[in-house]
Amino acid sequence: MSVVESDYLKRWIGAPITDALTEVALKRPADPIEYIALWLLKYKENEVKKAAEASNAERLAIEKKKLDEEAKKKAELEEEQRRIAAENAAKKAEIEKALAEQAKVTEAV
């Protein structure tokens, strides 16, 4: 076996095979080949589930960040709306005051 092949095996199946063989040695099943085959299938299922969970967690974090940003923008817009309403109320009060003063001047004449 070449170094390249050995590195490949270590990288991709070293840990699962080691774990499977350890379990076979401890449990001594009647059919160790079948046991290893089923163990590896279950291992692969678990790895796929872990990857899906990690992907879902990442998507959830992204969506949460977007939601937080939207909530912040909404709060900023609401604050701006309150500020504009206050400015408009102040301008309306000024206009009403000016009109009242003008009405007094007109009545006085």
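This is a predicted model: local features need pLDDT of at least 70, side-chain atom pairs count only at pLDDT 80 or more; totals for chains, interfaces and linings use all residues.

## Packing of the two helices

The crossing of helices H1 and H2 is right-handed. Helix H1 covers residues 3-27 and helix H2 covers residues 32-108. The two pack with their axes 10 Å apart and at an angle of about 135 degrees. That angle makes H1 oblique to H2, because an angle counts as roughly antiparallel over 145 degrees and as roughly perpendicular from 65 to 115 degrees.

On the side of H1, the contact is made by Pro-16, Ile-17, Asp-19, Ala-20, Leu-21, Glu-23, Val-24 and Lys-27. On the side of H2, the residues in contact are Pro-32, Tyr-35, Ile-36, Trp-39, Leu-40 and Tyr-43.

## The aromatic pair

A pair of aromatic rings is described by the distance of the centres and the angle of the planes. The structure holds one such pair. In this pair, the ring centres of Trp-39 and Tyr-43 are 5.6 Å apart and the ring planes stand at 15 degrees, so the pair is stacked. The cut-off for this class is an angle under 30 degrees between the planes.

Both residues belong to helix H2, where Trp-39 and Tyr-43 are four residues apart, about one turn of the helix. Trp-39 counts as buried because its relative accessibility is 16%, and the limit for buried residues is under 20%. Tyr-43, with a relative accessible area of 28%, is partly exposed. Trp-39 and Tyr-43 are also both among the residues of H2 that make the contact with H1.

## The loop between the helices

Arg-28 is found in the loop between H1 and H2. Most residues other than glycine have a negative phi. Arg-28 has a positive phi of about 45 degrees, although it is not a glycine. With a relative accessible area of 69%, Arg-28 is exposed, since exposed residues are those over 50%.

Asp-7 lies in helix H1. Its relative accessibility is 43%, so Asp-7 counts as partly exposed. Asp-7 and Ala-57 are 50 residues apart along the chain, and their C-alpha atoms are separated by 32 Å.

Methods
Residues are numbered from 1 along each chain as its sequence is written. Side-chain values use heavy atoms; hydrogens and water are left out. Axes are lines fitted to C-alpha atoms, for helices over the stretch in contact, and angles run from 0 to 180 degrees between N-to-C directions. Angles under 35 degrees count as roughly parallel, over 145 as roughly antiparallel, 65 to 115 as roughly perpendicular and the rest as oblique. A crossing is left-handed if the near helix is turned anticlockwise from the far one by less than a right angle, and right-handed if clockwise. Contact means heavy atoms within 4.5 Å. Rings of Phe, Tyr and Trp (its six-membered ring) pair if their centres lie within 6.5 Å; planes under 30 degrees apart count as stacked, over 60 as edge-to-face and the rest as tilted. Buried means under 20% relative accessible area, exposed over 50%, partly exposed in between (1.4 Å probe, protein chains only).
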